[in-house]
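I opened this notebook to record what I looked up in one structure. My entries follow the order in which I searched.

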Amino acid sequence: MQLTVHPLTLELREPFALAVGRRTTTPAVCLELHHAGLVGYGEVALPPYLGWTQAEVCQALHRVQWPEPIHLLNLDRLLATATAAIGPLPPALAALDIALHDLFGKYLGQPLYALWGFDLSRIPPTSFTLSLMSPEAAREKAVQMAEYPVLKLKLGGDNDRALVTAVREVTDRPLSVDANQGWRDRSAALDFIGWLAEQHVLFVEQPFPVACVDDHAWLTERSPLPIIADEAVRTMADVVRAPEVYHGINVKLAKCGGLRAAHAMLTVARALGLKTLLGCMTETSCAISAATHVSPLADWVDLDGAALIANDPFEGARLVDGRMLPPVRPGIGACPVRPLAG
């Protein structure tokens, strides 16, 4: 099995601002796995605030050596080999996991959702994210993105209420909000969430810094809206602890280590009574296409990442009637439309 790694710089269509920073590009790593005349594609995007770098991801991927003989149907063995070589670096494993699942589906001639027996009619509508911006810009963007049935507002700045008000002036579509750890005062947060409930907001993501466990638990106990963990959930252990602190979790392939982990975490979260959101980074149609295959397991979906990229080298999942649908091609269904070069 031959592995080729491609560090990429993803250029954003517009600056993307969060409570933790602003950027115009996102580092990423794409890869190709060649075996038995087939090619599996994988990807991970690496927004700097998560603390992972292209260099360490590439180095970890190059450490993987495959056992002989290679059997594509034995995903457990291949993923165990990859995990042992990569170590505790979820984004590197995520990229390789996606590529292995792509090869697996192509070897069997079926898209992943079909192999897993998922009903595509269960895929929730996806949201489109409005990053931190002026109320005037948010109002204009909400009108432009009319094809998306749900809007997600990045908050955590100085004009949170004005942003929500501006968007509500032009649309009655469902909203969600994501503070990206940007709030500090739990009493003020509870008052604001009470107002958000009146604005028909669906849920609130990661209000406080991850370390503020007591503040999150206090808010979850009192909030009229679901409080969803994002940065606080990366592993299965985080999922198991989440019911004590949050109403639900946001699962992203890049955070948790890929499709295998996402499938397991979404399943366990539901068994624990947690609400589930399947999210993404600002990433290409490769990773977005992969995520769509597990999206029937989620209560909410936020898979707009490829729509934010100006130089997407893949084609794949498509927005159809407000839902991101996986390609019907075998594997994850993503295909490069130009060479994968930096």
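**Entry 1: A buried charged pair**

I looked up Asp302 and Lys152 and noted that both are buried (under 20% relative accessible area, with exposed meaning over 50% and partly exposed in between, for a 1.4 Å probe and protein chains only). The model is predicted, so local features need pLDDT of at least 70 and side-chain atom pairs pLDDT 80 or more, whereas totals for chains, interfaces and linings use all residues. Residues are numbered from 1 along each chain as its sequence is written, and side-chain values use heavy atoms, without hydrogens and water.

Asp302 and Lys152 form a salt bridge, with their closest N and O atoms 2.9 Å apart; the term requires a side-chain nitrogen of Lys or Arg within 4 Å of a carboxyl oxygen of Asp or Glu. Asp302 lies in the loop between β11 and β12 (314–315) and Lys152 in strand β5, so the pair ties together parts 150 residues apart in sequence. I took helices (H or I, at least four residues) and strands (E, at least two) as DSSP runs, numbered from the N terminus. I also found a network of salt bridges that links Lys152, Lys154, Asp178, Glu205 and Asp302.

**Entry 2: Other salt bridges**

I recorded a count of 14 salt bridges. One of them joins the side chains of Glu14 and Lys141 at 2.8 Å, N to O. Because Glu14 lies in strand β1 (residues 2–18) and Lys141 in helix α5, this pair ties together parts 127 residues apart in sequence. Glu14 is partly exposed, at 40% relative accessible area, whereas Lys141 is buried, at 13%.

I then checked Asp76 and Arg260, whose side chains meet in a salt bridge of 2.6 Å, N to O. Asp76 belongs to helix α2 and Arg260 to helix α11 (residues 259–271), so the parts tied together are 184 residues apart in sequence. Asp76 is exposed, at 51%; Arg260 is partly exposed, at 35%.

**Entry 3: Aromatic pairs**

How many aromatic pairs does a search of the whole structure find? I noted 6, counting rings of Phe, Tyr and Trp (its six-membered ring) with centres within 6.5 Å; planes under 30 degrees apart are stacked, over 60 edge-to-face and the rest tilted. Phe128 and Tyr148 form a tilted pair, 5.0 Å centre to centre with 50 degrees between the planes. Phe128 is in strand β4 (residues 127–130) and Tyr148 in the loop between α5 (135–144) and β5 (150–154), 20 residues apart. Both Phe128 and Tyr148 are buried.
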